[in-house]
Amino acid sequence: MEPESKTFGGEVDEKAKRVLRRSRGNGEACLVPDTVSARIPCGNGCFALSFSNSGKYLAAACRDDLLYPIRIFEVDSGKSWPWGDFLGHHAIVYTLKWMKGDKMLASASRDGTVRLWNMESLREIYRQDVTQG
């Protein structure tokens, strides 16, 4: 049975069906890159990544000594935002999610908080403590 791909309207998406049918032929090289094309400067590691919905930005949850900054990079240039990092979490950030047309970024951390960051004002606009008491 052939895999079925549907659009939100419920119609079968023919282009998606062709992509799903595509497979590597005998002797055809693997298309997965086997070299590093870029490195993310994140000090002592990066624990979560999220591309913006527009594809223009990449959010990286980093660890630098005792800080856990969220850094934003421009995808085309690879440069970090000149406005600096989003600071506030006190432990590893596990999840990043872009929202509202890339105007907000949500983050969830081991410190027990979920935070919402405004990308225009460059500030935290909401924080919820979700620790089990």
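**Close-up views of a predicted model**

**View 1. S109 in strand β5.** S109 lies in strand β5, which spans residues 104-109. The model shown here and in the other views is predicted. S109 has a relative accessible area of 9%. That is under 20%, so S109 counts as buried. Two backbone oxygens lie by polar atoms of the S109 side chain. The backbone oxygen of A91 is 3.1 Å from such an atom. For the backbone oxygen of I92, the distance is 3.0 Å. Both pairs fall within the 3.5 Å limit for a polar contact.

**View 2. Contacts of S109 beyond its sequence neighbours.** Neighbours within four places in sequence are left aside here. S109 is then in contact with H89, A91, I92, V93 and Y94. Among them, A91 brings its backbone oxygen to 3.1 Å from a polar side-chain atom of S109. I92 does likewise, at 3.0 Å.

**View 3. D65 in the β2-β3 loop.** D65 sits in the loop that joins β2 (57-62) and β3 (70-74). Its phi is positive, at about 50°, although D65 is not a glycine. Most residues other than glycine have a negative phi. The relative accessible area of D65 is 59%. The threshold for exposed is over 50%, so D65 counts as exposed.

**View 4. D102 in the β4-β5 loop.** D102 lies in the loop between β4 (93-99) and β5. D102 is not a glycine, yet its phi is positive, at about 70°. Relative accessibility of D102 is 13%. This value is under 20%, so D102 is buried. D65, in the loop between β2 and β3, is exposed.

**View 5. The open sheet β1-β2-β3.** The sheet is open and has 3 strands. Their order is β1-β2-β3, with antiparallel pairing. β1 (46-51) and β3 are the edge strands, and each pairs on one side only. From one strand to the next, the twist averages 20°. Strands of a sheet pair through backbone hydrogen bonds, either parallel or antiparallel.

**View 6. The pairing of β1 with β2.** How many bridges link β1 and β2? The two strands pair over 5 bridges, in the antiparallel sense. Which residue in β2 is the bridge partner of A48? The partner is A61. β1 is an edge strand of the sheet.

Key: Residues numbered from 1 in each chain as written. Predicted model: local features only at pLDDT ≥ 70, side-chain atom pairs only at ≥ 80, totals over all residues. Heavy atoms only, no water. Helix = DSSP H or I, 4+ residues; strand = E, 2+ residues; numbered from the N terminus. Buried < 20%, exposed > 50% of the residue type's maximum accessible area, 1.4 Å probe, protein only. Polar contact = N/O pair within 3.5 Å; in protein donor to acceptor, adjacent residues only side chain to side chain. Contact = heavy atoms within 4.5 Å. Pairing = 2+ DSSP bridges. Axes fitted to C-alpha atoms, helices over the stretch in contact; angles between N-to-C directions.
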